[in-house]
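The entries follow in the order of my look-ups.

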Amino acid sequence: MSANPMLLVNADLHCHSNVSDGTLAPEDVAARAHRNGVQLWALTDHDEVGGQARARRAAHALGMDYLTGTEISVSFAHQTVHIVGLGFDEEDTELVQGLVTTRGGRERRARDMADGLARVGIPGAFEGALKYVGNPDLISRTHFARYLVEAGVCSDTHEVFRHYLTEGKPGYVEHRWASLRDAVRWITQAGGVAVIAHPGRYDFTPNEEFALFSEFKSHGGRGVEVVTGSHTQAEYGKYADMAVEFDLLASRGSDFHDPAESHTDLGTLPGLPSRLTPVWEALASRIARA
Ligand code: AMP
Ligand code: MN
Ligand code: MN
Ligand code: MN
């Protein structure tokens with residue numbers, strides 16, 4: 001059997017700009033992707049499609065094909081799960097309204113996070129984090145992490161997450177995001193494909209993980225990230241097997257946020273294992289060609 005030529009496309013379908021918690025403007029993410037050889041690109045800002053038109057325009061000016069993208073925050077089994085949407089109509093009313101609602105609690109949550117940090121002797125974190133925010137609707141833990149590095153509390157953002165911003169730590173606040181059912185439905189009804197983002201990052205038991213994949217499929221979800229900057233080599237294999245087991249399309253994306261913070265640069269990951277069907281094959285008719 002000859003290899004599927006679609007597997008050879010350098011697709012990067014997961015990354016962030018300063019429209020969410022990345023540091024580069026959509027145009028600069030596009031330029032970096034192009035410089036690194038990306039041929040098919042999607043900008044997937046958290047809970048937001050405000051950067052899509054700029055991203056697509058920049059991609060086309062550089063000769064890159066483009067898929068619309070977003071990464072929706074979902075609560076599932078007492079954890080936060082991310083669902084990437086690809087190839088949807090970014091003007092779809094229900095999707096747009098769903099994202100507005102999902103973003104809605106972020107400011108309240110950020111104030112509560114700042115209160116938690118103040119209680120352990122770190123004042124002014126809300127105002128500090130805001131200095132790093134590119135989109136006032138999208139204040140995120142990443143912006144707090146950047147401020148705490150600036151304030152000298154930690155030496156890098158990963159350390160801030162470990163000590164201050166994850167469950168049980170002083171700046172962590174429980175939050176209720178979208179439901180899995182709604183997130184998958186918003187994406188799917190807008191003509192796109194829903195993809196489970198970086199499944200290796202969650203802290204699920206095998207039973208919970210099985211439930212995530214099963215329920216995701218039952219709601220109409222069709223894809224899973226196999227090759228992502230968040231996975232180890234071993235996880236590429238594990239989630240390739242799960243893609244086959246659950247008959248899911250496979251996706252590939254760096255999850256790039258910032259040149260210094262991100263371990264994985266745009267377009268530099270290995271290709272998908274040859275036994276998988278790339279999600280961009282199923283989305284061929286939704287690709288905005290350069
Ligand atoms: P939020 O949506 O506000 O909960 O922020 C989630 C974002 O924080 C993720 O999309 C990552 O960009 C970042 N993040 C989460 N965990 C870590 C970590 N351990 N180290 C660095 N960044 C992280
Ligand atoms: Mn992020
Ligand atoms: Mn994510
Ligand atoms: Mn991401």
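I began with helix 4 (residues 106-119) and helix 6 (residues 141-150), whose axes come within 11 Å and cross at roughly 35 degrees. Helices here are DSSP runs (H or I, at least four residues), numbered from the N terminus. Axes are lines fitted to C-alpha atoms over the stretch in contact, with angles from 0 to 180 degrees between N-to-C directions. I noted the crossing as right-handed (the near helix is turned clockwise from the far one by less than a right angle).

I recorded that the model is predicted: local features need pLDDT of at least 70, side-chain atom pairs count only at pLDDT 80 or more, and totals for chains, interfaces and linings use all residues. Residues are numbered from 1 along each chain as written, chains are lettered from A and ligands numbered from 1 in written order, and side-chain values use heavy atoms, without hydrogens and water.

I then listed the contacts (heavy atoms within 4.5 Å): Arg109, Ala110, Met113, Ala114 and Leu117 in helix 4 meet Arg141, Phe144 and Leu148 in helix 6.

Next I looked up ligand 1. The residues around ligand 1 (a heavy atom within 4 Å) include Asp21, His46, His82, Arg109, Arg141 and His257. For polar contacts (N or O pairs within 3.5 Å), I found a polar side-chain atom of Arg109 2.7 Å from a ligand 1 oxygen atom. A backbone N or O atom of Arg141 lies 2.8 Å from an oxygen atom of ligand 1.

Finally, I checked Gln189 in helix 8 (residues 180-189). Gln189 and Arg109 are 80 residues apart in sequence and 29 Å apart in space, C-alpha to C-alpha.

Note on methods
Helix = DSSP H or I, 4+ residues; strand = E, 2+ residues; numbered from the N terminus. Polar contact = N/O pair within 3.5 Å; in protein donor to acceptor, adjacent residues only side chain to side chain.
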